[in-house]
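Open the model in your viewer and keep the selection panel at hand. The stops below go one selection at a time.

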There are 2 protein chains.
Amino acid sequence: MTPDTHGLFMCPGPDASQGVYVLSPYGLDIIESCLTCKMRADRIFCDLPTPALQAFETIKYATAYPKGAVLFVEGQAPRGIFVLCKGRVKLSICATDGKTLILKIAEAGEVLGLSATVSGKPYELTAETIDPGQINFVKREDFLRFLKEHSDACFKVAEQLSDKYNNACHEVRSLGLSHSAGEKLAKLLLEWSSKNGEAAKAEPRLKLALTHEEIAQMIGTSRETVTRLFADLKKRQIVQAKGSTLLIRNKAALKALASSG
Amino acid sequence: MTPDTHGLFMCPGPDASQGVYVLSPYGLDIIESCLTCKMRADRIFCDLPTPALQAFETIKYATAYPKGAVLFVEGQAPRGIFVLCKGRVKLSICATDGKTLILKIAEAGEVLGLSATVSGKPYELTAETIDPGQINFVKREDFLRFLKEHSDACFKVAEQLSDKYNNACHEVRSLGLSHSAGEKLAKLLLEWSSKNGEAAKAEPRLKLALTHEEIAQMIGTSRETVTRLFADLKKRQIVQAKGSTLLIRNKAALKALASSG
DNA sequence: TACCGGTTGTGACTGTTATCACAACCAGAC
DNA sequence: GTCTGGTTGTGATAACAGTCACAACCGGTA
């Protein structure tokens, strides 16, 4: 919530030309060069042809971030894009009264601040790291020039933006068309349970990495309501908690809740 | 709500090479060629350099639509993009129980079905014309090829998508961070009143082109609530109705409502 | 004129959820 | 062990808004 200086924690690590992995200030290896990045192929944006990637290499700043760093705040003029290489980032919007809505938890491979950087309008949300990670920053002018010169990158950007739009539409559906908080929570749990290859399992399990407060902010309800809803789900044997992992015992019942309220 | 055959009403008008404007089946002049379109300069997407425009010309189908035509339905595989030249289009999402949420009323110059066409994922919303209009359709394969060949068009697409994302974020904010239906209605009225150069006026006026039912669908509430809210606003002298035009008599009060609830 | 479908206005009732207040709990620091 | 801050659990209360039901209205048409 408290914005830092410029959202830029420069990584003062050793000479980049030496090797691909260098030790960063926050105790994690940082990926110094995109050209040799092992994860590149899996990522929508990063999988560019070599010439584009080389050009990107010259304009990006590889930086390491601590937990809780604010990359940008909603309403700020766009400074540039943030390519999330490692770690997770919380994307939220926030009302004048302090009420916050978490839109999504961005994972590695996503590009943040893209639409604002392209359109020139202010960032429409706030991005805050929730664990230490690495982020490649590119200044707006550099990025726009890069896009004009590399049409394949430009197409990737369109793809990323489509993805984001898709996401936002889902959020709108969930917020606007649900009849109750229970319905929204069920939807969220099902969405979470469909990750990490748990989708097919009859009784998927998932890590509850967020507090009730944060879950409440994701579905636009109050903390107490979330607590009560969880209590109810447990009483009805639909879910079962084991420490911070949640076991979904009755997927069908959860699905019924998600679509009826 | 009832999907038509393919969302394509071919315009059987006279020879396109003859002139720019030809008479369409629905009694409106259609803009046959983008190259000579007078509105081109004002529109985000259409203002392309001549070579790109010429290429676009060869792949687009200029078609006239009646009122109430369904261009595409949420969940359908993307057939292509729809460039809205004239008329308005209602964009909505719809729950299994029939409850509908209107996301926005698209105006001339917007490109519809863009993100689905780019990403290949199903259309995320339903598009339905609300008055007769003209739409240029481009098939998905043609459009993707066009984008690869014309990087300036690709950049325009990124801009359009950014715009759409921005819009969706506003929708999320309004839906997720409002405390009451009154707050959402006030926000909507202020947004409407800031169009058509009425923004600066102390007592802006706006055309109420939608029914209470539709307004309810825009802010995710019930028809009766909208009726009651309007009655309340009138009683408190904040707005005043004159036929189908609404005069905002107390903008400050409306703003207060919009931000506090 | 009377009729009609769609829209708007209004009352009564009910369920959901926000809010406040406080107790219980848990993990880490000391 | 004790303290402490953050999290979770739970009750009481009030307000908001959805729903049903029906009356009133309005514009077009036969």
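Start with chain B, where four strands make an open sheet in the order 3-10-5-8, with antiparallel pairing. Strands here are DSSP E runs of at least two residues and helices are H or I runs of at least four, numbered from the N terminus; two strands pair if DSSP finds at least two bridges between them. The model is predicted: local features need pLDDT of at least 70 and side-chain atom pairs 80 or more, while totals for chains, interfaces and linings use all residues. Residues are numbered from 1 along each chain as its sequence is written, and chains are lettered from A and ligands numbered from 1 in the order in which they are written.

Select strand 3 (60-65) and strand 8 (111-112) of chain B: these are the edge strands, each pairing on one side only.

Next, select residues 80-86 and 133-139 of chain B, which are strands 5 and 10, joined antiparallel by six bridges. Within strand 10 of chain B, Gln134(B) is the bridge partner of Lys86(B).

Move to chain A and select strand 9 (residues 126-129). Thr126(A) and Glu128(A) point one way, Ala127(A) and Thr129(A) the other, and all are buried (20 or more other C-beta atoms, placed from the backbone, within 10 Å of the residue's own). Strand 4 (residues 70-72) of chain A pairs antiparallel with strand 9 over two bridges, and Phe72(A) has Ala127(A) as its bridge partner.

Finally, show both chains: 36 residues of chain A contact 36 of chain B (C-beta atoms, placed from the backbone, within 7 Å).

How values were computed:
Two residues are in contact if their C-beta atoms, placed from the backbone, lie within 7 Å. A residue is buried if 20 or more other C-beta atoms lie within 10 Å of its own, exposed if 12 or fewer, and partly exposed in between; C-beta atoms are placed from the backbone.
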